[in-house]
Amino acid sequence: MKNNILKVALAQISPVWLNKEKTIEKIEKSIVDAAKENCELIVFGEALLPGYPFWIALTNGAEWDSKTQKEIHAHYVRNSITIEKGELDSICKLAKEHHIAIYLGIMERAQNRGGHSIYASLVYINQEGEIKSVHRKLQPTYDERLTWAPGDGNGLQVHPLKEFTVGGLNCWENWMPLPRTALYGLGENLHIAVWPGSDYNTKDITRFIARESRSFVISVSSLMAKLDFPKETPHIDKILEKAPDILANGGSCIASPNGEWLVEPVINKEGLIIETLDFNRVLEERQNFDCVGHYSRPDVTKLHVNRERQSTVSFDDIL
C-alpha cells in the first residue's frame with residue numbers, strides 16, 4: 001500500500017464491563033480481525049478497558065461515605081490497568097506481530113501516583129508493539145470526577161504513521177481549544193478522538209475539528225446496553241434499577257480534512273468500521289488554511305505547554 005494511503009479500523013465494541021481479562025480478549029480479537037483486513041491502525045473507545053463508570057449517574061454517586069459507592073469503586077480499580085506490570089503486553093505483542101498501530105482507551109492505575117487513583121488514559125502502541133505515549137485525561141467530565149483523577153500534559157504527543165502524524169484526545173478534551181492546538185503545533189494531521197459512546201458527542205465535534213485543523217478526524221465510541229452489565233458486578237441490582245436499555249449507542253465516524261463526512265456516525269452496530277485515508281487530502285485543504293502555519297500569528301498569540309509527567313514525590317537516591 002502506498003505510503004500516503006492508510007487503512008484504518010474503528011473498533012466499535014462493548015466491553016465485558018469491569019472485567020479486564022475478558023475485555024482484553026475482545027480487544028485482541030478485534031486486532032486480529034483488523035489485521036486480516038490489512039488495517040494499519042485500529043482505534044478503541046475511551047475507557048473501554050475495562051469500561052465507563054455508568055454506575056455513578058444511576059446510583060447517587062455523590063453520596064458521601066456510601067458503602068455502595070466505595071465497593072463499586074474498589075471493583076473498578078481492581079479491574080483497571082497497571083501498565084508497569086505488563087498488563088498490556090499481549091496487546092503490544094499482537095501490534096508487533098501484525099504490524100498494526102493501536103490507540104486504546106484504558107483506566108490506568110498510575111504507579112508514579114501511588115497506584116490507587118485511576119486515570120482515563122489513551123495509550124498509543126506503534127506498529128513495532130512499543131507503547132509510545134500514555135495520555136491521562138486532563139479534566140474528567142462532570143460525574144467522572146467522582147472516580148477519575150485529573151491527568152497531566154505528558155501525553156500531549158504525536159506519532160509518525162506512514163506520511164501521517166497522529167495524535168489523540170479523550171472525550172470532552174476534544175472541546176478544549178488549547179490541547180487541540182498543542183497537537184496541531186506538533187504537526188498532527190490525523191486526529192483521534194475517543195468517547196464512551198454516543199452520537200450526541202461525535203456528530204458535531206468530529207466535523208468541527210476536521211474543518212478547524214484541516215485534518216482527518218477519527219471518532220471512536222464504545223457500546224453499552226443494560227443487558228451488558230455482568231451479574232457478578234457489586235450492587236448490580238441498584239445499577240439496573242434505573243439503567244436505560246441503551247447507555248452507549250456508538251456513533252463512531254470519520255471526517256475528511258474539508259469537514260465533510262467520510263463515514264457518518266454508526267449507531268448501535270458492533271464491529272469494525274474500516275476505511276482508507278489519503279494523505280494528499282490533508283495537503284489539499286491546508287492550501288487555504290493552516291491554523292499553526294501560514295494562517296497563524298505567533299508574534300501575537302502563542303501557547304505554552306507543560307509536558308512534565310506529574311508526581312507527588314521525587315527521589316534523589318538511586319536504589
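How many salt bridges does a search of the whole structure find? The search finds 16 of them, a salt bridge being a side-chain nitrogen of Lys or Arg within 4 Å of a carboxyl oxygen of Asp or Glu. The structure is a predicted model, in which local features need pLDDT of at least 70 and side-chain atom pairs count only at pLDDT 80 or more, while totals for chains, interfaces and linings use all residues. Residues are numbered from 1 along each chain as its sequence is written, and side-chain values use heavy atoms, with hydrogens and water left out.

The C-alpha trace spans about 60 × 50 × 35 Å along its principal axes. Among contacts with a separation of 6 or more, 71% join residues 24 or more positions apart, where contact means heavy atoms within 4.5 Å.

Accessible areas come from the Shrake-Rupley method with a 1.4 Å probe, and for residues only the protein chains shown count as cover. Of the 319 residues, 55% are buried (buried means under 20% relative accessible area, exposed over 50%, and partly exposed in between, with a 1.4 Å probe and protein chains only). A nonpolar surface patch is formed by Trp172, Trp175 and Phe208, which together have about 330 Å² of accessible area. Patches are made of residues with over 30% relative accessible area and no salt bridge, like charges being joined within 9 Å and nonpolar side chains (Val, Leu, Ile, Met, Phe, Trp, Tyr) within 5 Å. Phe208 belongs to helix 6 (residues 199-213) and is partly exposed, at 39% relative accessibility.

Lys137 pairs with Glu144 at 2.9 Å, N to O; Lys137 is buried at 1% relative accessible area, and Glu144 is buried at 2%. These two residues are also linked with Glu46 in a network of salt bridges. Asp299 and Arg297 meet at 2.6 Å, N to O, with Asp299 exposed at 57% and Arg297 exposed at 52%. In helix 3 (residues 67-78), Glu71 and Lys67 lie four residues apart, about one turn of the helix, and their side chains form a salt bridge at 3.6 Å, N to O. Here Glu71 is partly exposed, at 31%, whereas Lys67 is exposed, at 57%.

The cysteines complete the picture. With a disulfide taken as a pair of cysteine sulfur atoms within 2.5 Å, the count is zero. The sulfur of Cys171 has its closest cysteine sulfur in Cys253, 13 Å away, which is too far for a bond. Cys171 is buried, with 4% relative accessible area, and Cys253 is buried at 0%.

A further buried residue is Asp290, at 17% relative accessibility, in the segment after helix 8 (280-286). Leaving aside residues up to four places away in sequence, Asp290 touches Tyr295 and Ser296.

Key. Helices (H or I, at least four residues) and strands (E, at least two) are DSSP runs, numbered from the N terminus.
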